[in-house]
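Here is a short report on one protein chain. Keep the structure in view while you read, and find each residue as it is named.

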Amino acid sequence: MGERDIRQMLDAMCRAVEARDGKTFASYFAEDGVYHDDFYGAFAGRERVAELIDKWFYKDARNFRWDMLDPAYEAGRLYTRYIFSYDSTLPEAQGARTMFEGVSMMRLRDGEIVEYREIINSGTAFADMKFHPERIAKIFARKAAEMKERPDVRQHMANVTSARG
């Protein structure tokens with residue numbers, strides 16, 4: 001994939017989310033592609049990825065804006081910084097414009113996304129939505145537990161001093 005193709009794909013994906021068009025968004029994924037959402041978990045296959053956009057994203061939010069910036073692509077790996085915002089419909093948010101900054105990490109096969117993961121600075125959004133500290137602590141405790149279950153993290157769970165001793 002060339003730089004122009006990548007930029008066109010990323011832009012089309014962002015505009016699809018803004019239009020609540022999960023089918024178009026999911027069309028950039030391989031049939032067996034997986035979107036690992038930082039909040040809602042893994043959605044495998046195009047039908048489920050479309051559902052993530054059409055149902056889950058729009059469950060508590062409206063008026064999305066998503067911009068993917070500064071993409072870097074090499075050997076089937078695509079990384080891009082993004083800014084994502086919406087109007088929250090959660091009661092405590094009182095309609096606040098909520099913003100995230102993050103990084104998308106994608107594995108591509110034959111120009112289609114096989115795996116999508118992200119790292120998000122969610123603290124900004126939690127502040128925008130006026131989440132209580134207890135709620136934030138629960139969210140991050142869940143994220144910490146999920147991270148510790150990943151195969152690429154397991155070696156970090158061992159006693160580092162004795163492992164490198």
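The model you are looking at is predicted. The strands of this pair, β1 and β6, run parallel and share 3 bridges.

## The sheet

Strands of a sheet pair through backbone hydrogen bonds, either parallel or antiparallel. Here 6 strands form an open sheet, and its pairing is mixed. Read across, the order is β2-β1-β6-β5-β4-β3. Which strands lie at the edges? They are β2, residues 41–44, and β3, residues 61–74. Each of these two pairs on one side only. On average, neighbouring strands are turned by 20 degrees against each other, direction ignored.

Now walk along the order. β1 and β2 run antiparallel and are joined by 4 bridges. His-36 stands opposite Ala-42 of β2. The link from β1 to β2 is a hairpin of 3 residues.

Go on to β5 and β6. They also run antiparallel, with 9 bridges between them. The hairpin of β5 and β6 has 2 residues between the strands. In this hairpin, Asp-110 takes a positive phi near 50 degrees.

β4 covers residues 77–88 and β5 covers residues 97–109. These two strands pair in the antiparallel sense over 11 bridges. Tyr-86 faces Thr-98 of β5.

## Helices on the sheet

Helix α1 spans residues 3–18 and packs on the sheet. The strands that α1 touches are β1, β3, β4, β5 and β6. The direction of α1 makes about 165 degrees with that of β3.

Asp-5 is part of helix α1. Its relative accessible area is 41%, so Asp-5 is partly exposed. Asp-5 and Gly-111 are 106 residues apart in sequence. In space, their C-alpha atoms are 9.2 Å apart.

Helix α3, residues 46–57, lies across β1, β2, β3, β4 and β6. α3 runs at about 40 degrees to β1.

## Charged pairs

Side chains of opposite charge can pair when their charged atoms come close. How many salt bridges does the structure hold? The count is 19.

| Residue | Partner | Closest N and O atoms |
|---|---|---|
| Glu-31 | Arg-46 | 2.6 Å |
| Arg-109 | Asp-32 | 2.7 Å |
| Arg-142 | Glu-146 | 3.1 Å |

Take the pair of Glu-31 and Arg-46, a salt bridge with its closest N and O atoms 2.6 Å apart. Glu-31 lies in strand β1 and Arg-46 in helix α3, so the pair ties together parts that are 15 residues apart in sequence. Is Glu-31 buried or exposed? It is exposed, because its relative accessible area is 55% and the cut-off for exposed is over 50%. Arg-46 has 24% relative accessibility, so it counts as partly exposed.

Next comes the pair of Arg-109 and Asp-32, with 2.7 Å between the closest N and O atoms. Arg-109 belongs to strand β5 and Asp-32 to strand β1, so this pair ties together parts that are 77 residues apart in sequence. Arg-109 is partly exposed, at 38% relative accessibility. Asp-32 is partly exposed too, with a relative accessible area of 45%.

The pair of Arg-142 and Glu-146 sits within helix α5, residues 133–148. The two residues are 4 apart, so about one helical turn separates them. Arg-142 is partly exposed at 30% relative accessibility. Glu-146 is partly exposed at 43%.

Salt bridges can also share partners. Asp-11, Arg-15, Glu-18, Arg-65 and Asp-67 are joined into one network in this way.

## A nonpolar patch

Which residues make the nonpolar patch of about 270 Å²? They are Tyr-79, Val-103 and Ile-119. Val-103 has its place in strand β5. At 34% relative accessibility, Val-103 counts as partly exposed.

Terms used. Residues are numbered from 1 along each chain as its sequence is written. This is a predicted model: local features need pLDDT of at least 70, side-chain atom pairs count only at pLDDT 80 or more; totals for chains, interfaces and linings use all residues. Side-chain values use heavy atoms; hydrogens and water are left out. Two strands pair if DSSP finds at least two bridges between them. Axes are lines fitted to C-alpha atoms, for helices over the stretch in contact, and angles run from 0 to 180 degrees between N-to-C directions. Contact means heavy atoms within 4.5 Å. Patches are made of residues with over 30% relative accessible area and no salt bridge: like charges are joined within 9 Å, nonpolar side chains (Val, Leu, Ile, Met, Phe, Trp, Tyr) within 5 Å. Accessible areas come from the Shrake-Rupley method with a 1.4 Å probe; for residues, only the protein chains shown count as cover. A salt bridge is a side-chain nitrogen of Lys or Arg within 4 Å of a carboxyl oxygen of Asp or Glu. Buried means under 20% relative accessible area, exposed over 50%, partly exposed in between (1.4 Å probe, protein chains only).
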